[in-house]
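Okay, everyone, thanks for coming.

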Amino acid sequence: MSRLAAIFHRNREFVNSVATLMTGRSLAFVIGFAFVPIVARLFDPADFGRATLFISVVSVMGSISTLRLERAAVLPKNDGEGAGLIRLAVLALLALCAVLLLLNVAAWLFDFQLPLADRLGGWTWALPLGLAVFSLINIAEGWLVRKKQYRIMANTDVARATAMGGLRVAAGAAFGSSTWALIVAYLIAFGGRAAALVGAMVRSMPDRDERAKLAADADHSLGALGRQYKDFPLYNAPAGFVRNFSENLPVVMLGYLFAPAVVGFYAMANRIVRAPLGLASAAVRRVYLQRAATIHNDQLSLRGSLIKTTVVLAAIGIVPFGLLWLEGELLFRFVLGEKWTFAGRYAQILAPWLYSTWVISATGSLAVVLRKQALWLRMQIIITALRLAVFAYAYSSGATPEWTLQAFAAVSVAANAVIMAVTFGLVAQADGRRRALKRQQADTQ
């Protein structure tokens, strides 16, 4: 225990940074969740469907709208290069927003229908605005992670959740159920957060004279930066898409293979367990990305940092995931009622996978720092194929939902173990190259 306490003490900055993001985003999640029972009584399912579709389209496009160049902004030693990558991300976003707007204009002039326009109606015109709001938040957070300004990210997330829930309740109470109330509340709340984060980003960026000096020292144009970090649009963005598809695969396949009730049980288990896990994992990845980039830029070993981070995450997760694994049915029955017992059973089945996912939270950041994103993409594609194979076998053999989820969880745990092993191998290779370079430099001196 004393050794574990010492690890926590030596890594207190990292733990505190993760805690800041986790606290803010967890509080935002709790606030948003608290509004759900009220909002659900004020709005009709059809309006919810259209609003959710709009937000989903924005989210999907947002995963590639900046070519993920904002994620690269944390890597350069030079703030001028980091700011250049942010500008490239903004240019990519503006280009996609312009394309969306032109498509809407062309559809109106030449009388053809865009995909999903029959369901979204006139809200296709708001997609560029929604995309801009969503992506500006990602861009600003990319820079603020570089500058370690985690508190403003957490605070604005809490304000966004409060504003969106409050606006939806107020609009629903005043005007009744409508799609526009849900979407406008989303745009206002996320727009306010985007404005606050962009303002903080601008204030923390180098001024004009400093930018000129940094640019002269680095001698990097935007075109050169784009070529240097081309692995982000080529590999990081597709990897993110594949990963998101893979994570949502159970919902799609369970809906195809089994009765709607099975999907409902899984969805409830997924929402209650995976949502907070996703928030916490994202916080770990963002903070560890900055830390690992600093260690790598300073030509220090990443192995010790990875081991310590993994041990800390494993220790933090033992109690909650162990409790879920042992008493998931009882917990769900107590909190949600008797009819959700199967959701608790599904959560128990998924607990080992979710725990392993939590433990390897830092590995994606190391793929970015070590510039191994092509390998990361290939691994994500293979994992997705293996998960698809599980559902294909379940379909051909007439397996039960419980067996299917057990097989899915087992394959996912094995995949996470492979990811961890490969990551440690990559770190060992990087440390070996660093030691060889130092020996070579010592010999030449």
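Let's start here: which residue forms a salt bridge with Arg160? It's Asp157, and the closest N and O atoms are 2.8 Å apart. Keep in mind that this is a predicted model. Both residues sit in helix H8, three residues apart, so you're looking at about one turn of the helix. As for burial, Arg160 comes out at 15% relative accessibility and Asp157 at 7%, so with the cut-off at under 20%, both count as buried.

Okay, zooming out. How many salt bridges does a search of the whole structure find? Five.

Asp79 forms a salt bridge with Arg146, with 2.8 Å between the closest N and O atoms. That one links distant parts of the chain: Asp79 is in helix H5, residues 79–110, Arg146 is in helix H7, residues 127–146, and the two are 67 residues apart. Both Arg146 and Asp79 are buried.

Asp79 also forms a salt bridge with Lys147, where the closest N and O atoms are 2.9 Å apart. Lys147 lies in the loop between H7 and helix H8, and Asp79 in helix H5, so this pair ties together parts that are 68 residues apart in sequence. Buried or partly exposed, what are these two? Asp79 is buried, with a relative accessible area of 18%, while Lys147 is partly exposed at 29%.

That's my bit, thanks.

Conventions: Residues are numbered from 1 along each chain as its sequence is written. This is a predicted model: local features need pLDDT of at least 70, side-chain atom pairs count only at pLDDT 80 or more; totals for chains, interfaces and linings use all residues. Side-chain values use heavy atoms; hydrogens and water are left out. A salt bridge is a side-chain nitrogen of Lys or Arg within 4 Å of a carboxyl oxygen of Asp or Glu. Helices (H or I, at least four residues) and strands (E, at least two) are DSSP runs, numbered from the N terminus. Buried means under 20% relative accessible area, exposed over 50%, partly exposed in between (1.4 Å probe, protein chains only).
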